[in-house]
Amino acid sequence: MSESDHNSTKGRVAVGMSGGTDSSAAAAMLVDEGYEVIGLTAHMWKDGSRCCSLEDVERARRVCSYLDIRHYVVNAQEIFTDKIVDPFVEAYASGRTPSPCIYCNSFVKFGFLVDRAVQLNCNYVATGHYARVEQDENGGYHLLAAADPNKDQSYFLHRLGQKQLSMLLFPLAGIEKPQVKAYSAERGLPVVSRGDSQDLCFIEEGKLAEFVEKRDPSVIQKGDIVDHTGKVVGQHDGLHNFTVGQRGKLGIALGERMYVKRLDQDNNIVEIAPRPGVMKADCLLDDIHWIAGRPPIGELVCEVRPRYRSNGALATVTVSNDWKKGRVVFDEPQFALTPGQAAVFYKDGEVLGGGWIDEVP
């Protein structure tokens, strides 16, 4: 145990560490603030991936050594496969576009790792996520968007609950990415930036379809591509090669820009249309999660983000009696509402919750 462990007065905090700039900076900031910090890294997938491989474990270990803090590695491969990878493949096989990062945050980063942190007698859990947690005067916890709108990750955290939020610290909540990089350099942290890739951490870049096919060869099924009039205009090799809103890599040229409008699993058909045909004003949601444990009283008019990079749009949300199902009606049509993606509810910068887009009428 280091000298800083003995002198800590703020409590013990486990920092989920991948060896990257954000999580390393978060750990260093908490050390500087006087917390007893423990590095916690989950080995979730094989080498060659990002954020969850043995390479990342070694990167995190170097940072912890530099900061003179303890480092623990936990094997999360089984839960990662069961809760993230297998449902991911199943979703693509059924013509949906999943959001595995949301599941990973729920089950692994703020589920499995939080449990391990508790076992290590930690008072808090921290990560390098860009999001904020605030407590109100009644003891309730609220999840809010980060100060840096370009890096805000609150969308991916919308399925967290009160117990999890009560333990969370987000050191990067109030600063922007350039400041994090500057702090990391000034602090001398031994990190190597790998950029902010938009690809999934457990799949090699550009090999999503190949990954799905390898784990479920049954997805390789030739079918028709039809336009918005029902005319067959091409062939495809499996619905897993497409997502709603996709424009490129359709394998056809019709003289105008066409987008994937719908994936019809029952008939193994990819339906395409010009952009106006992909604009929809409402969608049905399933498995809605409320951060407060229940929805706000009365009609909910709020901003809804139907995908991560969405700026959000004003909408009215109506929910079922059990609060688990609902319908979102946007004030204006939105582009490519996609089954399998999450629609997340925001009110004045606060995340109220969200649900999975189940159907687009």
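Which residue of β9 does D224 stand opposite? In this predicted model, in which residues are numbered from 1 along each chain as its sequence is written, D224 stands opposite Q235 in β9. Local features need pLDDT of at least 70, side-chain atom pairs count only at pLDDT 80 or more, and totals for chains, interfaces and linings use all residues, while side-chain values use heavy atoms, with hydrogens and water left out.

Strands (E, at least two residues) and helices (H or I, at least four) are DSSP runs, numbered from the N terminus. Strands of a sheet pair through backbone hydrogen bonds, either parallel or antiparallel. Two strands are taken as paired if DSSP finds at least two bridges between them. Strand β8 (residues 223–226) pairs with β9 in the antiparallel sense, over four bridges. Both belong to an open sheet of four strands, with the order β9-β8-β11-β10 and mixed pairing. The edges are formed by β9 (232–236) and β10 (259–264); each has a single partner strand, so one side of each is left without a neighbour in the sheet. From one strand to the next, the twist averages 25°.

The axes of α4 and helix α5 (residues 100–119) come within 9 Å and cross at roughly 170°. Axes are lines fitted to C-alpha atoms, for helices over the stretch in contact, and angles run from 0 to 180 degrees between N-to-C directions. The two helices, α4 and α5, are therefore roughly antiparallel to each other (over 145 degrees). Contact (heavy atoms within 4.5 Å) is made by I79, F80, K83, I84 and F88 of α4 and by P100, Y103, C104, F107, V108 and F112 of α5. K83 also lies over the face of F107, at 5.0 Å from the ring centre. For such a placement, NZ of Lys or CZ of Arg must be within 6 Å of the ring centre and within 35 degrees of the ring normal. R305 lies over the face of Y346, at 3.8 Å from the ring centre.

The structure holds 17 aromatic pairs, defined as rings of Phe, Tyr and Trp (its six-membered ring) with centres within 6.5 Å. The rings of F88 and F202 have centres 5.3 Å apart and planes at 85°, so this pair is edge-to-face (planes over 60 degrees apart). F88 lies in helix α4 (residues 77–93) and F202 in the loop between α7 (177–187) and α8 (208–215), 114 residues apart, and the pair thus links distant parts of the chain. F88 counts as buried at 2% relative accessibility, and F202 counts as buried at 4%; buried means under 20% relative accessible area (1.4 Å probe, protein chains only). Ring pairs link F88 and F202 with W45, F80, Y92 and F211 into a cluster.

Key
Phe/Tyr/Trp six-rings, centres within 6.5 Å; stacked < 30°, edge-to-face > 60°. Buried < 20%, exposed > 50% of the residue type's maximum accessible area, 1.4 Å probe, protein only. Parallel < 35°, antiparallel > 145°, perpendicular 65-115°, else oblique.
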